[in-house]
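I set out to record, entry by entry, what I looked up in this structure. The sequence and the coordinates come first.

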Number of protein chains: 2
Amino acid sequence: MLDFTLENISAEDVERLRAVYEPLAQSVRELIDATVRTQVEAADVAVAKAEIDAATARLRRKQLDGSFGVRYLASGERMAWGNAVIGIRNPIAPPVEIQHDSSGTSWCDFHLGAAYEGPPGHVHGGVAALILDHLLGEAASDGINPRLTGTISFRYLRATRLGDLHAEAATTRVDGVKTFAAGHLADDHGVTVEAEGVFIQPRWARGE
Amino acid sequence: MLDFTLENISAEDVERLRAVYEPLAQSVRELIDATVRTQVEAADVAVAKAEIDAATARLRRKQLDGSFGVRYLASGERMAWGNAVIGIRNPIAPPVEIQHDSSGTSWCDFHLGAAYEGPPGHVHGGVAALILDHLLGEAASDGINPRLTGTISFRYLRATRLGDLHAEAATTRVDGVKTFAAGHLADDHGVTVEAEGVFIQPRWARGE
């Protein structure tokens, strides 16, 4: 069973924590981009590496034993701050901020830079899958109970340019514990990847 | 068309560049992990953030205009150092080092920590897709000509624990420009995700 945690902290505390840790993750995202693209010489790299190692040692003085997990507040709000796609504390996450419109569509606009590359100048096909998997899972969810991917498939129409991107997804059908969702990724020239998936509410979350 | 670059540098230069930039990326990977897991207070975070921003500014003094791309050496060796899965210069990449055995199976052993989380304590389903997409693509490739994902599907048997993981894939069939590959991801309790895909040699790489 997955260990979703209930955090007994106030909305004010959440905002205070966000104000401390979100800008840190954003700085690390900039550093990731610079690490892929830098052309400075060995001596400058050595100084930068020493600065980075100093920051890491400072941050590790007090840290979680394991991963961040997923925490629920008493308000019902979910803190998935460590998540690889949406986590505001996770520098690997772009992060994607998912919106929900009144028609039931979930969507997001986001930017992918050099760190998400596969084919030259283009998004890694697996990164497209990563983000669409998350988005379809959110579209298949009711926002409270988790749903996990059962099966998912992707069809690549063409390579996706790095840059400003859009993705959207919606539930297409519900059959018992299975929710079907479909969606796509698009760059500024149109749809590049189509996705279809079946998402399942875990047995332990069904109240059985 | 994708811009694969031919680099006119020697094997010695490649090793020199690797010795400069690979340890930098490894330091940033440690920093990413620390950023997700740190519990130090705001004052320490502020100092760490200043160190990180200084390192970023130093690395950006001279940098590529865009992404790293994929470069081929005169020897035929491929430098995909910016790649989101295997890139030794890309801190987002674990990085995965793909091996090929004599039976035609491609495989990799790697570690995924807190930054790759989806469900609490477990690998994001989309991260599993990211790595399997890349591995199946390598298995479907002849190691020289690129093959891009046409379609790929994933079946999740159960959640994958964060930690030491194994993945493997092999070509199952070739039909003209289409190569079919299949594989799986496993944690220390066995197979967690199965994948099947069709990979296509781009028209411009077919010599047509």
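My entries follow, beginning with the conventions.

**Conventions.** I note that this is a predicted model, in which local features need pLDDT of at least 70, side-chain atom pairs count only at pLDDT 80 or more, and totals for chains, interfaces and linings use all residues. Residues are numbered from 1 along each chain as its sequence is written, chains are lettered from A and ligands numbered from 1 in the order in which they are written, and side-chain values use heavy atoms, with hydrogens and water left out.

**Symmetry.** I looked up how the two chains are related. A rotation of 180 degrees, with 0.0 Å of shift along its axis, superposes chain A on chain B with an RMSD of 0.0 Å (least squares on the C-alpha atoms of residues with pLDDT of at least 70 in both copies). That is the relation of a two-fold axis. The same surface serves both copies, since 100% of the contact residues of chain A recur in chain B (contact means heavy atoms within 4.5 Å). Within chain A, Ser153(A) comes closest to the rotation axis, with its C-alpha at 2.0 Å.

**Cis peptide bonds.** Most peptide bonds are trans. I found a cis bond joining Pro94(A) and Pro95(A), with omega about -15 degrees. Pro95(A) sits in the loop between β3 (78–79) and β4 (99–100) of chain A (strands are DSSP runs of E, at least two residues; helices are runs of H or I, at least four; both are numbered from the N terminus). In chain B, the bond from Pro94(B) to Pro95(B) is cis too, with omega near -20 degrees.

**Thr149(A).** Is this residue of chain A buried or exposed? Thr149(A) is buried, at a relative accessible area of 15% (buried means under 20%, exposed over 50%, partly exposed in between, with a 1.4 Å probe and protein chains only). Thr149(A) belongs to strand β6 (residues 148–156) of chain A. Leaving aside neighbours within four places in sequence, I list its contacts as Asp133(A), Val198(A), Phe199(A) and Tyr156(B).

**Nonpolar core.** The largest nonpolar core has 113 residues (a set of buried Ala, Val, Leu, Ile, Met, Phe, Trp, Tyr and Cys residues joined through side-chain atoms within 4.5 Å). Phe110(A), Leu112(A), Phe154(A), Phe110(B) and Phe154(B) touch the most other members. I checked Phe110(B): not counting residues up to four places away in sequence, Phe110(B) touches several residues, including Val96(B), Ile131(B), Leu165(B) and Leu185(B).
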